[in-house]
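Trainee: I would like to learn how to read the place where two protein chains meet. Could you take me through an example, step by step?

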Amino acid sequence: MNNGGARRMNGGGEEDDDEDYVNGDLDAWERTYTDERSWESLQEDESGLLRPIDNKALYHSQYRRRLRSLSSTATAARIQKGLIRYLYLVIDLSRAASETDFRPSRIVVIAKHVEAFIREFFDQNPLSQVGLLTIKDGVAQCLTDLGGSPESHIKALMNKLECSGDSSLQNALDLVDGYLNQIPSYGHREVLILYAALSTCDPGDIMETIQKCKKSKIRCSVIGLAAEMFICKHLCQETGGTYSVALDESHFKELILEHAPPPPAIAEFATANLIKMGFPQRAAEGSISICSCHKEAKVGAGYTCPRCKARVCELPTECRICGLTLVSSPHLARSYHHLFPIAPFDEVPPFSLNDPNHKLQRNCFGCQQSLLNPGNKPGLLVVCPKCKGYFCLDCDIYIHESLHNCPGCDSFRHSKADKE
Amino acid sequence: MASAPSKLYADDVSLVVVLVDTNPFFWSASSLSFSQFLSHVLAFLNAILTLNQLNQVVVIATGYNSCNYIFDSSSDLNQSFENGRMPVMCSSLLQKLEEFLIKDEQLSKEVPEGRIKSSLLSGSLSMALCYIQRVFRSGALHPHPRILCLQGSPDGPEQYVAIMNAIFSAQRSMVPIDSCYMGAQNSAFLQQASYITGGVHHKPQHLDGLFQYLMTIFATDLHSRSFLHLPKPVGVDFRASCFCHKNTIDMGYICSVCLSIFCKHHKKCSTCGSVFGQAQSEAASTSDKKRKTPET
């Protein structure tokens, strides 16, 4: 399969990249002696003629399909997103996780991507908390409690990666249910299970446990590494989560990072509440105080809790003395783009580009790159529905995935639609 | 999201994207005239280009009604030296700036009195970041990019979300945002921008010597900054302001749905219409329409 082959090459591609760069100036006949399968980069078009695969357009169309599916689910449900999330990550450390079909073994791949996921999660959800759970020898154990500091979770995970025994879905769900019942009512309860096994060894009726989770309003999602299982699919359908099975390492990375941005929240799941929070000021340079997290004297560079005046080292955190949640305004601002998303850009159909009445910008509005291919033919571009500015494909991806501002809309005070 | 690219560029080559504030409301009331300011800035840009042969400079104008690219030292039009003069002194920059100012004025419409006359900083920051992403895509060898804001207009509170988005995106791509604020009050946005992204913020006390401030603080490349003693961020205020009175508060209440900040306990959130303390019911659906409108 063409796509499978291309992806397999990219999956092991981290070390191939250096080789490709070195081999870049070899002749074509020399390249056939290296690992390049040049026949895979050809495709047939409608009339049966061969043409090379346009990777850029392929990547962009995959990206747009993903964007469209995300925005359609968001508009179908109520647009609210669960911004204060309490997520438990369940890692399967059974025998099946030591299989070597993912190189070097499933558990190493899982651990690597869980680390990246945790960092990305706290980047996108600074007010949320994560806890880690493991399933080993048929028993579920809590590795780390719910906490807001990525380093402690990652350190705890990397120490305990031995796999053995069976895996038990019911025990994990029971444990998670017990822990998540203790969190405040305004938080969104989520579980993400990374399941490597093909079976589950349960002490009782797992259907009852699933109903219990559904009643506790816990949203369970599963990412499988082996094959699709009915019980996982049933669990996710009942609780409103997503179930996906990873095909290879890069696909697994894509699937797990999809859980980092806040999911569209069902409003009935969490009560709205006013949460009391403090905005500490930075302590003056040179002031000496005893830090409440390390229990030792420190000089300057900390924050003072506004309620009890204890010193904390980093934000966001919970004051250990009085329990007040301490944040700074940029942490709240990190989540604002989830509340005010920008509209996806529309693709420009090629026939309208040749219309002489259509005034075409020669350069992308964001990066000033020329929008015309060599030979003065218009290349692929997109247009913002509000400000009608033209953007190149790379700017489109950057704007929607990282920047979350449309440069065109922000650069005109009185927009073309005359809306402020 | 595309990850930050591999940092394989030469140590001291820099790309400086300069955002020049051209807000007529500010310049008409400033002690430094716009033409004097321009002469300081042009000399500074030429100096950056002489520091290293591979340095690049891009100028984006931040106007009152619009923003646009003014100058790009790496484009083919600007490469030739006319009669041995410095490239930035050539008339194209000044000509394009004048065209921009004329067009910006034509876009003006009647504004109600009492509004803060801020320039469109979020627009020019977004354009600068898009340009920098293009430079990152161009290959393994590229200059260290950074952004320098020469700003005098006050902060426009309606741009808060857009500016914070730009700041976080710059932080992820590791692009420092330096800022030189020439206005009367302090600019909280620029202070936060420089603090979060690791840039330098400075408010010159004597605007007549602006060129000297620019050369000593903002001209050096990123690699050499670790050897220099630059102004440290002091007193960056990260406290939030409440949505109801716009006062700065150090303890407040946050709506768990939309993260709006209030200073007192309320029964209902004014931004998203959620009723506090009970499960969301169908009664809240009438405020759906109100919730959808705050799209900045």
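Predicted model: local features only at pLDDT ≥ 70, side-chain atom pairs only at ≥ 80, totals over all residues.

Trainee: How many residues of chain B are in contact with chain A, and what is the area buried between chain B and chain A?

Mentor: The size of an interface is often given as the accessible area lost when the parts come together. Here the area buried between chain B and chain A is about 6100 Å², and carbon and sulfur atoms give 56% of that area. Counted by residues, 73 of chain B are in contact with 65 of chain A.

Trainee: Which charged and polar links does the rule find across the interface of chain B and chain A?

Mentor: The rule finds three salt bridges across this interface, and there is a salt bridge between the side chains of R137(B) and D394(A), with 3.5 Å from N to O. Several elements of chain B give two or more residues to the side that touches chain A, among them β3 (67-72), α4 (121-137), α5 (160-172) and β9 (251-255). Sorted by kind, the residues on that side of chain B divide into 36 nonpolar, 22 polar and 15 charged.

Trainee: In what sense do strand β9 of chain A and β9(B) pair?

Mentor: Strands of a sheet pair through backbone hydrogen bonds, either parallel or antiparallel. In this model, β9 of chain A (residues 274-278) and β9(B) pair in the antiparallel sense, over five bridges.

Trainee: Is N405(A) buried or exposed, and which residues does N405(A) touch?

Mentor: N405(A) is placed in the loop between α14 (393-403) and α15 (407-410) of chain A. N405(A) counts as buried because its relative accessibility is 4%, and the cut-off for buried is under 20%. Leaving aside residues up to four places away in sequence, N405(A) touches I342(A), I399(A) and D410(A) in chain A, together with S126(B), A162(B), N165(B) and A166(B) in chain B. The side chain of N405(A) is joined to that of S126(B) by a polar contact of 3.5 Å, and another polar contact, of 3.3 Å, links it with the side chain of N165(B).

Trainee: Which residues other than glycine have a positive phi, and where do they lie?

Mentor: One of them is H404(A), with a phi of about 60 degrees, in the loop between α14 and α15 of chain A. H404(A) counts as buried because its relative accessibility is 18%. Another is K309(A), with phi near 60 degrees, in the loop between β13 (303-304) and β14 of chain A. K309(A), by contrast, is exposed, because its relative accessible area is 57%.

Trainee: What is the omega of the peptide bond from R103(A) to P104(A)?

Mentor: That peptide bond is cis, with omega near -15 degrees, and P104(A) lies in the loop between β3 (85-92) and α5 (106-124) of chain A. The bond from L315(A) to P316(A) is also cis, with omega near -5 degrees, and P316(A) is in the loop between β14 (311-312) and β15 of chain A.

Conventions: Residues numbered from 1 in each chain as written. Chains lettered and ligands numbered in written order. Heavy atoms only, no water. Contact = heavy atoms within 4.5 Å. Buried area = accessible area lost by both parts, 1.4 Å probe. Salt bridge = Lys/Arg side-chain N within 4 Å of Asp/Glu carboxyl O. Helix = DSSP H or I, 4+ residues; strand = E, 2+ residues; numbered from the N terminus. Nonpolar A, V, L, I, M, F, W, Y, C, P; charged D, E, K, R; others polar. Pairing = 2+ DSSP bridges. Buried < 20%, exposed > 50% of the residue type's maximum accessible area, 1.4 Å probe, protein only. Polar contact = N/O pair within 3.5 Å; in protein donor to acceptor, adjacent residues only side chain to side chain.
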